[in-house]
Amino acid sequence: MKTKWILLALAAVLAGIQAFPINRELPRSQASEEFHVTENPPDEIMKIMKHACYDCHSNNTRYPWYARIQPVGWWIHNHVLEGRRELNFSEFGRWRAEDQADILRHCAKLVEKGSMPLGSYLRMHPEARLDETQKLLLFEWWKKRAGELETNAVMVRQVTAAAPDTCDDNDANPRCCFISMPGSPASRIVIAPDDEPGKRMVISGQIFKSDGKTPYPNVLMYLYHTNEKGIYARKGNETGIRRWHGHLHGWLRTDTEGRYEIRSIRPASYPDTKINAHIHAVVWEPGDRKEPYFIEDFLFADDPFLKPAERESARKNPGKSPVVTLRANAEGVLEGKRDISLGY
Ligand code: HEC
């Protein structure tokens, strides 16, 4: 008789707690901070991480059906919140490059030891169990990426070592261009904000070493250009070299394949001149002893102010010339390509 009452009471409690479901709404992420955007891992790495880590360590949690049943849902939700607090791959871009390197090394260690993914998770998600090949893939790529991030951190330290007070000059040392660069620039960047007037444009390409064949990862590139009226427009709060370059500027870092992508608006010629429209670009190759330098400006093949030789360059080396041929895609966005070989 007593057992019956206990069971009934338990059933009542279980029914009651169903009125307190978990909040399954996913936190909003910023594309520019997502691990897959800032680090550009190969697809196979991303696939493993999504299966094995992303339910607890990203904003893209896939809740199982039984998360609707309490108290199981509470227990799962707690793991997710705790996992995200420890490490959220959707916010990876917020960390300094040194910290990103540490995190990836730590992940490599946990996966090697078999302590992540969590054991309780694996019982319910056997597909997230990593076999030796997958473990090795993750381990090697995370380690490699950590090394690259550290190289980048060294660069950022070099950058901040450049004396800002020598930078208030249009012809200042190219290092000045990298002052106030974010800790870990992405390979795909947006220069013009959505409210900047002008024709939208995307230029992409790949940077190679001097042999023209070997992809060059981790090259930093600084870009700046005029607005649609031909002016290096300023917001008013610019300091150092930005007082000359204006607010339409950005930094990128080529990905593991040397690729980059720039989204902005199409710049215009300086007012009342016959100078072609252009984007200035400064590159900084990885390595302790390298100094940044200007490469040839990006020009546009349909610019009426091009010199004959420049026009010829676009025709002879399509996709590899500093003179970029722009074509409107289905959405009306201008698209162009420029591959670059560095170090002559
Ligand atoms: C079921 C949810 C879940 C999954 C899946 C999961 N984790 Fe975790 N992770 C957690 C929780 C909870 C913590 C914090 C408590 C702890 O350290 O055990 C954590 C902590 C961590 C930490 C910090 C731990 C420390 O020592 O400071 C790292 C790094 C980490 N996880 C990496 C990973 C990686 C990499 C994967 C995928 C291979 C993964 N996790 C899969 C839930 C998860």
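1. Arginine 123 counts as exposed, because its relative accessibility is 64%. You can find arginine 123 in helix H7, which covers residues 119–124. Please keep in mind as you look around that this is a predicted model.

2. Now step back to the whole chain. It is divided into domain 1, residues 16–149, and domain 2, residues 165–341. Ten residues from domain 1 and ten residues from domain 2 take part in the contact. The C-alpha centres of domain 1 and domain 2 lie 35 Å apart. Between them, domain 1 and domain 2 bury about 850 Å², and 39% of that area is on carbon and sulfur atoms.

3. On the side of domain 1 that touches domain 2, helix H2 (35–38), helix H6 (97–113) and helix H8 (132–161) each give two or more residues. H8 gives the most, with four residues.

4. Arginine 145 deserves a visit of its own. This residue sits in helix H8 and counts as buried, because its relative accessibility is 2%. The side chains of arginine 145 and glutamate 39 are joined by a polar contact of 2.7 Å. Leaving aside residues up to four places away in sequence, arginine 145 touches Thr38, Glu39, Leu104, Asn218, Arg253 and Thr256.

5. One of those neighbours of arginine 145 is Asn218. Asparagine 218 lies in the loop between strand E2 (200–208) and strand E3 (220–225). Is asparagine 218 buried or exposed? It is buried, because its relative accessible area is 7%. Its backbone is worth a look too: phi is near 65°, a positive value in a residue other than glycine.

6. Aspartate 272 also has a positive phi, about 55°, although it is not a glycine. You will find aspartate 272 in the loop between strand E5 (259–265) and strand E6 (279–284). With 84% relative accessibility, aspartate 272 counts as exposed. For background, most residues other than glycine have a negative phi, and most peptide bonds are trans.

7. Here are two cis peptide bonds to look for. The bond from glutamine 70 to proline 71 is cis, with omega near 5°; proline 71 is in the loop between helix H4 (54–57) and helix H5 (72–86). Methionine 116 and proline 117 are also joined by a cis peptide bond, with omega about -5°. Proline 117 is in the loop between H6 and H7.

8. Last, the cysteines. How many disulfides does the structure hold? The number is zero. A disulfide is a covalent bond between the sulfur atoms of two cysteines. For cysteine 107, the closest cysteine sulfur is in cysteine 53, but it is 6.8 Å away, so the two are too far apart for a bond; the cut-off is within 2.5 Å. Cysteine 53 counts as buried because its relative accessibility is 14%, and cysteine 107 counts as buried because its relative accessibility is 11%.

Note on methods
Residues numbered from 1 in each chain as written. Predicted model: local features only at pLDDT ≥ 70, side-chain atom pairs only at ≥ 80, totals over all residues. Heavy atoms only, no water. Buried < 20%, exposed > 50% of the residue type's maximum accessible area, 1.4 Å probe, protein only. Domains from an automatic or database assignment. Contact = heavy atoms within 4.5 Å. Buried area = accessible area lost by both parts, 1.4 Å probe. Polar contact = N/O pair within 3.5 Å; in protein donor to acceptor, adjacent residues only side chain to side chain.
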